[in-house]
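Subject: Structure for your review

Hello,

Here is the structure to look through, with its sequence. My notes on what turned up follow below it.

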Amino acid sequence: MMRSILETVTRRWKSTLTLVVLLVGMGVATYGVLKSDSNARESARADFENEAFQVADKLRRQVETSVSSMYALASMVEVDGGRFLEEHFEPIASTILERYRGISNFDIAPFAVVKTKVPLAGNEGAIGHAMLSDHRRIEATLRTIREGKALLDGPLRLLQGGTAVIARYPVFTAFSPRLIPDIYSWWPDWSHGCCTASTPLPGYGAESLPGGLDANGNQTYFYGLVEFVSKVDKLTEDLQLDSVARRMSFQFRNKNPHPSMADTPVFLTSPDIGPAAVLERPVTIPISLPDIRIEWEFLAVPVGGWPGPNLLVVVLLAGIYGGLAVAGLVYVLVRRLLRTSASAKLLMAALQRQRRETIAKACSAVAELAAPMALISVELFMELGQLTSFEELRNTGKLIILDTVEQVQRFREQRWIVFFSHQWLGYSAPDARNVHYSTMRDALPSIMTALPLKGGCAADVKNAFVWVDFVSISQVNRSFQALCINSLPLFAAEADAFVMVVPEVKHSDTLLPCNLETYSQRGWCRAEILCKVCASGMAGMFIAKGNSDLERLSVSKFKELSISVFEGTFTCCTL
């Protein structure tokens with residue numbers, strides 16, 4: 001009887017070992033297939049981002065080229081006070097318009113009064129517009145004059161209709177009067193609906209606008225403005241947006257919208273979406289020319305949205321695991337038929353109970369928190385001065401406690417969680433010399449800038465929160481500490497940003513170096529990385545090396561890191 005039981009146990013042990021090897025092999029193969037598919041999608045996004053950059057950069061270069069055209073006109077004014085340019089403005093401006101694409105019309109505005117416009121057709125309503133006598137334009141006009149450089153205003157809605165950008169360049173000459181003259185003194189029949197005053201509005205200090213000294217040492221005064229207007233469709237005609245719209249849905253957005261565009265910062269979109277559309281995980285390319293006050297953005301997503309997992313991969317994995325499940329079911333049925341002894345039946349029942357318990361625990365571990373998630377706001381964290389223990393922060397009421405996965409997910413709907421992953425720099429203290437804390441604190445402004453918008457709002461020190469082991473895990477109660485450690489995978493997976501804190505520093509006790517290489521040898525660090533990547537890919541993953549050096553985790557850098565969790569080192573507080 002005993003021998004029969006032993007033989008049964010031996011056969012079952014061999015069968016179980018075979019099954020374990022099979023499952024491990026299947027798990028590794030599954031991870032490899034899913035990782036390959038994820039890498040392919042990341043590569044496709046990188047290619048798309050490069051294409052979007054080309055569109056945005058072409059617009060930036062078009063604006064630069066257009067603005068440079070005003071300098072030639074301004075040079076003519078400086079020679080003789082504008083007499084030659086005013087007499088021959090139409091042929092000169094027409095020639096420049098032919099050579100500088102993207103510009104709708106030019107004008108000259110002595111004393112900031114639009115006198116001549118080329119071409120005039122369709123722009124008659126702008127002639128006579130006195131910008132220093134118009135309360136809607138005087139502040140932007142004076143800002144341009146006093147800064148003494150070309151500035152671009154808009155996109156804005158034009159008085160004569162349409163949406164455009166206006167570039168203005170102030171010209172100062174020694175031939176100009178010291179005081180801004182009454183318009184009627186040099187334009188007797190002037191009139192315009194913008195205003196009734198023929199002199200600058202009082203209270204703005206625009207009566208006399210001196211410039212610097214000219215090449216001969218003479219004081220210069222304000223002559224007027226050289227301007228161009230470029231309607232949005234004219235400015236973007238070389239971008240071939242009809243062709244671009246076949247591949248991507250896009251928006252051009254002004255980060256500092258003009259008051260006339262207060263209803264929306266979006267000034268141009270692809271035909272398939274409107275200004276109010278919210279793009280899902282868009283590629284955002286800045287179009288920045290700070291010298292002329294341009295802070296625009298180009299947002300784009302592929303037409304139809306981002307591709308999901310490869311359907312063939314999903315079907316293949318479903319078939320493999322379905323076949324494995326069927327084979328397992330057949331195996332169980334056959335084994336049940338072959339069991340003849342009561343001892344064998346009892347042993348099988350015990351094994352089945354053990355398996356069910358193991359599966360239940362595994363399912364619970366990925367669906368429920370074994371211990372609450374403790375967070376501290378970025379604002380309070382940056383005031384700590386050093387990594388402070390969970391117990392001290394709990395007793396002073398500085399921690400936010402989230403008890404369930406559902407609470408964590410609701411919390412994240414309008415807030416952000418930054419998960420700091422690091423190795424301890426000492427046996428008894430995690431950061432005795434404050435190196436890791438300083439690295440975390442210095443990285444937080446850049447991290448919050450990189451975090452995605454939620455509900456149209458950006459992350460700040462009050463709505464972003466930090467998780468870091470010494471702050472968020474009990475250091476005194478070992479049972480509670482063990483439960484927190486068991487929940488590490490869920491903590492990492494639920495974070496909006498995952499930051500590897502790896503400055504070059506020496507261990508306080510062993511004096512051995514601690515850096516990215518030694519961090520990646522830690523078993524728990526590998527587990528945290530793996531859980532975050534499996535939950536949301538490499539989006540929101542960073543490497544912080546100190547001195548505000550924050551690097552996004554790229555595909556190539558990820559490949560250099562080992563994520564073989566069970567080959568890592570799990571000894572507490574050492575390298």
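Glutamate 147 is partly exposed, with a relative accessible area of 32%. In this predicted model, its side chain forms a salt bridge with that of arginine 293, at 2.2 Å from N to O. The two partners are 146 residues apart: glutamate 147 belongs to helix 4 (residues 138-147), while arginine 293 lies in the loop between strand 9 and strand 10 (294-302). Arginine 293 is also partly exposed, and its relative accessible area is 43%. Because buried would require under 20% and exposed over 50%, both arginine 293 at 43% and glutamate 147 at 32% fall in between.

The structure has 21 salt bridges. Here are some others from that set.

Glutamate 227 and arginine 168 join their side chains in a salt bridge of 2.7 Å, N to O. This pair also links distant parts of the chain, with glutamate 227 in strand 6 (residues 219-231) and arginine 168 in strand 4 (residues 163-173), 59 residues apart. Are these two residues buried or exposed? Glutamate 227 and arginine 168 are both buried.

There is also a network: Asp57, Arg60, Arg61 and Glu64 are joined by salt bridges that share partners.

Lysine 115 and glutamate 86 form a salt bridge through their side chains, at 3.4 Å from N to O. Lysine 115 sits in the loop between strand 1 (105-110) and strand 2 (116-118), and glutamate 86 in helix 2 (residues 83-87); the two are 29 residues apart. Lysine 115 is partly exposed, at a relative accessible area of 34%. Glutamate 86 is partly exposed too, at 28%.

An open sheet is made of 4 strands in the order 8-7-10-9, with antiparallel pairing. Which strands form its edges? Strand 8 (266-269) and strand 9 (283-289) do, each pairing on one side only. From one strand to the next, the twist averages 20 degrees. Strand 7 (residues 248-254) and strand 8 run antiparallel and are joined by 3 bridges. Glutamine 251 has threonine 269, in strand 8, as its bridge partner. In general, the strands of a sheet pair through backbone hydrogen bonds, in either a parallel or an antiparallel way.

Helix 18 (residues 523-536) has 14 residues and spans 20 Å from its first C-alpha to its last, close to the 20 Å expected at 1.5 Å a residue. Its buried residues include Arg526, Glu528 and Lys532, as well as Cys525, Ala527, Ile529 and Val533. Gly523 in helix 18 is buried as well. An α-helix has 3.6 residues a turn, so residues three or four places apart point the same way. Just after helix 18, glycine 537 adopts a positive phi of about 70 degrees.

Finally, the totals for the protein. Its secondary structure consists of 19 helices and 19 strands. The protein has 575 residues, of which 44% count as buried. Among contacts with a separation of 6 or more, 71% are between residues 24 or more positions apart. The protein exposes about 29,200 Å², and carbon and sulfur atoms supply 57% of that area.

Regards

Terms used. Residues are numbered from 1 along each chain as its sequence is written. This is a predicted model: local features need pLDDT of at least 70, side-chain atom pairs count only at pLDDT 80 or more; totals for chains, interfaces and linings use all residues. Side-chain values use heavy atoms; hydrogens and water are left out. Buried means under 20% relative accessible area, exposed over 50%, partly exposed in between (1.4 Å probe, protein chains only). Contact means heavy atoms within 4.5 Å. Accessible areas come from the Shrake-Rupley method with a 1.4 Å probe; for residues, only the protein chains shown count as cover. Two strands pair if DSSP finds at least two bridges between them. Axes are lines fitted to C-alpha atoms, for helices over the stretch in contact, and angles run from 0 to 180 degrees between N-to-C directions. A salt bridge is a side-chain nitrogen of Lys or Arg within 4 Å of a carboxyl oxygen of Asp or Glu. The expected span of a helix is 1.5 Å times one less than its number of residues.
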